Amino acid sequence: MQVSATLLLELGVILTVLTVLGTAARRFALSPIPLYLLAGLALGEGGIAPIPAAAQFVSTGASIGVVLLLLTLGLEFSIGEFASSLRRHLPSAWVDVLLNAVPGAIAGWLLGLGGVGILALAGITYISSSGVIARLLSDLRRLGNRETPAVLSILVLEDFAMAAYLPLLAVLAAGGTWLQALLGMGIAVSALGVAFVASYRWGHHVGRIVAHPDNEQLLLRILGLTLIVAALAEFVHASAAVGAFLVGLTLTGESAHRARTVLSPLRDLFAAIFFLAIGVSVNPADLVPMLPAALLLAVVTAGTKVLTGQFAARREGVARPGQLRAGTALIARGEFSLVIIGLVGTSLEDVGAVATPYVFILAIVGPVLARFTGTGGRPAPAR
Amino acid sequence: MEVNEVLLPGVGLRFEFDNRDGDRIGVVARRTGDFEIVVYPKHDPDQAQQVFRLSDEEAEALAQILGAPRIAERFADLTREVPGLNAGQVTIRPGGPFVDRPLGDTRARTRTGASIVAIVRDEEVLASPGPTEVLRANDVLVVIGTEDGIAGVEDIVAQG
């Protein structure tokens with residue numbers, strides 16, 4: 001086996017840069033995602049330091065990153081939580097869609113993006129980042145707060161909505177007709193139903209198939225199963241991401257707990273590569289003319305998310321400061337918006353050009369605003 | 001005493017109750033096994049003030065201090081006194097998922113609310129076993145809890 005010194009060196013330098021950026025972000029209790037995007041921009045086409053040898057690895061790693069992101073997301077949620085969120089917060093979910101997807105769609109229309117682009121941009125402005133926000137709530141020590149269940153319920157419902165949305169978008173982005181797209185969505189939603197039933201009735205059997213006392217075995221089994229299901233999902237045009245999400249949902253209890261433990265280091269690595277790859281795929285020169293549009297869209301949809309959070313928190317009987325806390329917590333967009341950009345990236349470069357800076361802005365501004373609102377004038381303590 | 005249970009999707013559970021002094025106390029039980037103890041100030045009952053965080057092990061130690069041993073001593077009386085509380089025995093079958101794994105791995109109390117107060121191994125009785133106690137085939141667990149809780153422990157031990 002020939003070892004490519006250039007590849008190892010490039011990867012090593014990339015990872016070192018990412019860790020420096022990540023540490024810097026964490027120091028200010030910010031999400032590292034925007035910095036990873038920035039690093040990607042610098043590395044890609046038209047950037048300051050192209051990476052010819054590592055490019056192949058980065059693009060392969062990115063697809064694994066998406067699968068792992070969605071798998072671990074599925075592991076976080078259970079059907080019981082989804083059902084209870086649905087019962088309590090269905091109206092909030094409708095408000096969420098209405099207030100946050102519509103501005104994206106209008107922006108897409110004004111930018112002349114066409115049907116698929118409009119749909120993609122609507123999804124990008126709709127979906128808050130459950131990864132960033134869940135971590136934020138924990139860092140700001142707000143898990144005990146009255147408004148927190150409302151915020152988390154919104155996140156669960158958004159993530160489940162993605163299971164129907166992504167296949168629709170995937171088929172349309174690949175040039176399919178609306179009929180094919182609806183078929184893909186139908187398949188994904190039925191698969192979601194099957195995964196629900198499977199997890200509810202036979203979850204422990206699925207758990208037993210992959211369960212093994214040895215961590216290495218457990219890792220290989222879960223990863224193997226997930227990649228196969230993701231490939232099948234991609235094959236029927238239902239998006240690999242959705243397949244991985246379903247596998248995560250089906251695993252429950254002890255096996256899910258252990259899977260989270262063994263998968264998270266791997267997830268962290270490949271998710272970072274994925275964020276980097278999104279940055280690489282965008283040409284910085286394309287961004288400049290789109291910056292004002294992205295900024296305007298960010299301001300508008302930050303506002304609509306605040307309204308959404310206030311609405312949801314009010315349903316829980318939370319007073320005004322708490323409502324505001326819930327609203328600002330929801331502003332951050334992140335990994336899911338980037339998954340959408342990745343999905344349409346190859347076919348529609350304009351979406352990436354406006355949406356990448358958009359996510360970049362809100363992934364930074366969201367956590368900062370959340371930190372400084374509703375705490376009675378003083379910032380919440382750093383960790 | 002009334003304990004309120006609130007679901008935190010993707011994170012875990014939160015328990016809330018008022019103590020005798022009228023303080024509202026919350027316990028966030030995270031899926032990771034960590035706990036956060038909070039109090040709600042009277043001027044803004046929506047915003048929790050964190051008192052402290054506990055790791056899995058620390059929480060177990062605190063639980064022991066607060067009364068788990070007492071339950072072990074008095075469980076016979078207790079099951080007679082408290083309607084709905086039962087004691088049961090659950091056998092660890094050879095080849096089961098928790099053979100040669102620590103008791104804590106079952107997360108039985110977190111998942112079912114039932115407590116494992118003793119392990120009977122051959123002639124020996126291990127009273128109030130800690131989470132690090134390694135289970136062996138043919139161990140008998142003495143479980144206290146509701147009927148459903150005990151059945152839940154049986155399921156966990158049989159199927160993981």
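## About the model

This is a predicted model, in which local features need pLDDT of at least 70 and side-chain atom pairs count only at pLDDT 80 or more, while totals for chains, interfaces and linings use all residues. Residues are numbered from 1 along each chain as its sequence is written, and chains are lettered from A and ligands numbered from 1 in the order in which they are written.

Helices (H or I, at least four residues) and strands (E, at least two) are DSSP runs, numbered from the N terminus.

## Helix H6 of chain A

Let's start with helix H6, residues 130-139 of chain A. Of its 10 residues, 7 are buried, so the helix is largely enclosed by the rest of the structure. Here a residue is buried if 20 or more other C-beta atoms lie within 10 Å of its own, exposed if 12 or fewer, and partly exposed in between, with C-beta atoms placed from the backbone. The buried residues of H6(A) are A:Ser130, A:Gly131, A:Val132, A:Ile133, A:Ala134, A:Leu136 and A:Leu137.

What covers them? The cover over the buried residues of H6(A) includes helices H2 (33-43), H3 (55-76), H7 (148-173), H13 (320-329), H14 (335-345) and H15 (349-372) of chain A. After H6(A) comes A:Arg141, which has a positive phi near 55°.

## Helix H5 and its partners

Helix H5 (residues 114-126) of chain A packs against helix H4 (residues 79-110) of chain A, with axes that come within 7 Å and cross at roughly 140°. Axes are lines fitted to C-alpha atoms, for helices over the stretch in contact, and angles run from 0 to 180 degrees between N-to-C directions. H4(A) and H5(A) are therefore oblique to each other; angles under 35 degrees count as roughly parallel, over 145 as roughly antiparallel, 65 to 115 as roughly perpendicular and the rest as oblique. Their crossing is right-handed, a term used if the near helix is turned clockwise from the far one by less than a right angle, with left-handed for anticlockwise. Among the residues that meet are A:Asn100, A:Pro103 and A:Trp109 in H4(A) and A:Leu121 and A:Tyr126 in H5(A). Two residues are in contact if their C-beta atoms, placed from the backbone, lie within 7 Å. The contact of H4(A) with H5(A) has 11 nonpolar, 5 polar and no charged residues. For these classes, Ala, Val, Leu, Ile, Met, Phe, Trp, Tyr, Cys and Pro count as nonpolar, Asp, Glu, Lys and Arg as charged, and the others, Gly among them, as polar.

H5(A) also packs with H14(A), at an angle of about 165° and with axes 8 Å apart. This pair is therefore roughly antiparallel, and the crossing is left-handed. A:Val116, A:Ala120, A:Gly123 and A:Ile124 of H5(A) make the contact with A:Ser337, A:Ile340, A:Ile341 and A:Val344 of H14(A). By class, that gives 6 nonpolar, 2 polar and no charged residues.

## A closer look at A:Thr304

A:Thr304 sits in helix H12 (residues 284-315) of chain A. Is A:Thr304 buried or exposed? It is buried, with 23 other C-beta atoms within 10 Å. Leaving aside neighbours within four places in sequence, A:Thr304 is in contact with A:Leu99, A:Asn100 and A:Pro103.

## The sheets of chain B

In chain B, 5 strands form an open antiparallel sheet in the order E1-E2-E3-E4-E5. Two strands pair if DSSP finds at least two bridges between them. E1 and E5 (49-54) of chain B stand at the edges with a single partner strand each, so one side of each is left without a neighbour in the sheet. From one strand to the next, the twist averages 20°. E2 (residues 12-18) and E3 of chain B pair over 7 bridges, and B:Gly12 stands opposite B:Arg30 in E3(B).

Elsewhere in chain B, 5 of the 6 residues of strand E9 (residues 140-145) are buried, so E9(B) is largely enclosed by the rest of the structure. E9(B) runs antiparallel to strand E6 (residues 86-91) of chain B, joined by 6 bridges, and B:Gln89 stands opposite B:Val142. E9(B) is also antiparallel to strand E7 (residues 115-121) of chain B, through 5 bridges, with B:Ile116 and B:Val143 as bridge partners.

## Where the chains meet

Chain B has 22 residues in contact with 31 residues of chain A. Strands E1 (4-8), E3 (24-30) and E4 (35-40) of chain B each give two or more residues to its side of this contact, and E1(B) gives the most, with 3 residues. The side of chain B that touches chain A has 9 nonpolar, 6 polar and 7 charged residues.
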